[in-house]
Amino acid sequence: MQELNWFMWGLDLFSGLFLILVGFVVLAIVYMYIADKLQTKQAVRHNYPVIGRFRYLFEKQGEFFRQYFFAQDREELPFNRAERSWVYRAAKNVDRTIAFGSTRPLDSTGAIMFMNTAFPTQDEDITPILPQTIGPHCREPYTTKAICHISAMSFGALSRPAVTALSHGAAQAGCWLNTGEGGLSPYHLKGGCDLVFQIGTAKYGVRNEHGHLDDDKLKEIAAHPEVKMFEIKMSQGAKPGKGGILPGIKVTEEIAKIRGIPQGHDSISPNGHIEFKNVGDILDMIARVREVTGKPTGIKAVLGDVQWLEDFCDEIERRGEASAPDFFTLDSADGGTGAAPQPLMDYVGLPLKESLPILVNILIQRGLRKRIKVIASGKLIVPSRVAWALALGADFIASARGNMFALGCIQALQCNKDTCPTGITTHNKKLQQGLDPRDKSTRVANYNHNLHHDLALIAHSCGVTEPRQLKPSHVRIVLESGLSVSLDKYYSHINQ
C-alpha cells in the first residue's frame, strides 16, 4: 500500500513538473513571438516569428551538418554559400577571416588566381584611389572616388524600404545608385546619394503618351541635383532581347503613377527602343539626352553579336569623338533581374569573361578607351571578382545582388512573386515590416566600404598601389590541364 502511495505521489509530481514545463514552453513561444515581431534587425524573424528562428539555427549549424545534409560551400548557384557569407559578414562589419584552408578548388578549369609579388605594397606606399571624371566635356561632368557602385534596381522591382535603405547606404558609402528603368521615385532621393537615372526601352518617367522621350520631363529629372548621369539601357544581362518585366501584382497605385501605366497590369517594356533602327540612332539619342540635361550620358548593353559595336565605333569616327557615349555599362549574361524568361536567362548573351576583353580591346583599337569609361556589371559581388574586372580593363563596377544580400536577401528566388521573405522585392506591407531602412542602410554602407577595403588587399599583394593599376598579367586562369596561364596570354587572340 505504501509503495502505491509513493508511486501516485511520484506520478503527481511528474505530471505537475510536465505541466510547468509545458507552461514555460508556451510562455517562451509567446515571448519569442512578441520579441520577433517587435525587432527589425532580422526580417525573416519579424515576418515569420518563432519559426523564422530555425533559419538562423540551421545556418549556424550548417558548417557541421553540411557534409551530410546540405550543399557544399562552393556548389550553389547563382551565388554559393561562401560568396554570400562574405557579403553578410562585410555588411555586418564583423570578422571576415576564415581558418584552416580554402574550400575553393584551385585547380578547376576557369579558376582565377592573383599573382602576389615578393615585394607587396607597404602601408606608406599606398596611394588613395584617384577620382575619375565621367563626361568631362558636359556642362555638368561627374566625378567620383568610388570604384564599386550600386547597379540598376527599380522601385517596383524593389520595395519602398529597400530603395530607401539603398539610397541612404549609397550616400554613406559615397557611391552612386542606379534608379533602374522604373523611373525616379521619392525613395531614390531620400538619402541624398548620387543617382544614375536609367532610361529603359519604355522610358518610364520621361515618356510622352506615345512612348517617346519627353524633353520637358528629362529636364525635370535633370533638375534634381542628386541625378548625376543618364544611362540609356539597350539590353540587360539576364534578359537580352527582352524589355523589363514587372508582374501586375507588383504594380501598385504609386508605382503606376511614377511609371505612367495602369495599376495592377503587367509592366512589360518593349524589346528595344522604338527610335533605334541603326547605330546612328543610338548616337542621336545620346546627344539629345546629353544636350537637354547637360549631364554625362552613356549606354548599357550585354554583348552578343559584336558587329554592331564595330559599326558603332565607325559612326563615332565619322561624327567625331565628342559624339561618343560618356560611359558604356557592360552587363554580363549571368546578370540578375526580378523576372525574365528562362531561355533568355540561361542561353543568350556573352558573360563578362568574354565580352569585357572584347569591348576594351575594340575601344583601344579605335582610340576611344580614354573617351569612354567602362562600367562592368554582373555577379561582381566579392573583392576577387571586382579585382578581376579591373584587371581586364573596367574603370568601375556596379553590383545589384551584392547590395541585395547586404539588405538581407537570402536567395529565396521569390523576386517575381511578391512573396520575398525579407521584404526586399515585395510590396506586401506585412513582409516589408521586417526591413528597417536605418539598420539596412548601415549594412549597405558597410558592405561597400569593406568591398573597397578587401579589393585593396588583393591589389597591394600584387604590388600595385591602388586597384585600378591591376593588369591582366597580375591574374592567371586555370586551363583544362590544371595548369594556369596569365590573362594577357589567355586573351592574346583578342588583342591581335
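Residues are numbered from 1 along each chain as its sequence is written, and side-chain values use heavy atoms, with hydrogens and water left out. Because the model is predicted, local features need pLDDT of at least 70 and side-chain atom pairs count only at pLDDT 80 or more, while totals for chains, interfaces and linings use all residues.

User: How many aromatic pairs does a search of the whole structure find?

Analyst: Rings of Phe, Tyr and Trp (its six-membered ring) pair if their centres lie within 6.5 Å; planes under 30 degrees apart count as stacked, over 60 as edge-to-face and the rest as tilted. Searched over the whole structure, the number of aromatic pairs is 9.

User: Why is the pair of Tyr88 and Phe405 classed as it is?

Analyst: The ring centres of Tyr88 and Phe405 are 6.1 Å apart. Their planes stand at 85°, so the pair is edge-to-face.

User: Which helices hold Tyr88 and Phe405, and how many residues apart in sequence are the parts that the pair ties together?

Analyst: Helices (H or I, at least four residues) and strands (E, at least two) are DSSP runs, numbered from the N terminus. Tyr88 lies in helix H4 (residues 81-92) and Phe405 in helix H14 (residues 401-407). The pair therefore ties together parts whose separation in sequence is 317 residues.

User: What is the relative accessibility of Phe405?

Analyst: Buried means under 20% relative accessible area, exposed over 50%, and partly exposed in between (1.4 Å probe, protein chains only). Tyr88 is buried, with a relative accessible area of 14%. Phe405 also counts as buried, and its relative accessibility is 3%.

User: Is Tyr490 buried or partly exposed?

Analyst: Tyr490 forms an edge-to-face pair with Tyr491, at 5.1 Å centre to centre and 85° between the planes. Tyr491 counts as buried at 8% relative accessibility. Tyr490 has a relative accessible area of 35%, so this residue is partly exposed.

User: Over which ring does the charged end of Arg468 sit?

Analyst: A charge sits over a ring if NZ of Lys or CZ of Arg is within 6 Å of the ring centre and within 35 degrees of the ring normal. Tyr142, Trp176 and Phe396 form one aromatic cluster. The charged end of Arg468 is 4.9 Å from the centre of a ring, that of Phe396.

User: How many residues of helix H13 are buried?

Analyst: H13 covers residues 383-391 and is mostly covered. Its buried residues include Trp388, and the charged end of Arg385 sits over the ring of Trp388, 4.4 Å from its centre. Of the 9 residues in H13, the number buried is 7.

User: What term describes how H7 and H9 lie to each other?

Analyst: The axes of helix H7 (residues 215-222) and helix H9 (residues 279-293) come within 9 Å and cross at roughly 55°; axes are lines fitted to C-alpha atoms, for helices over the stretch in contact, and angles run from 0 to 180 degrees between N-to-C directions. Angles under 35 degrees count as roughly parallel, over 145 as roughly antiparallel, 65 to 115 as roughly perpendicular and the rest as oblique. H7 and H9 are therefore oblique.

User: Where does Phe100 lie?

Analyst: Phe100 has a positive phi of about 75° although it is not a glycine. At 93% relative accessibility, Phe100 counts as exposed. Its place is the loop between H4 and strand E1 (112-114).
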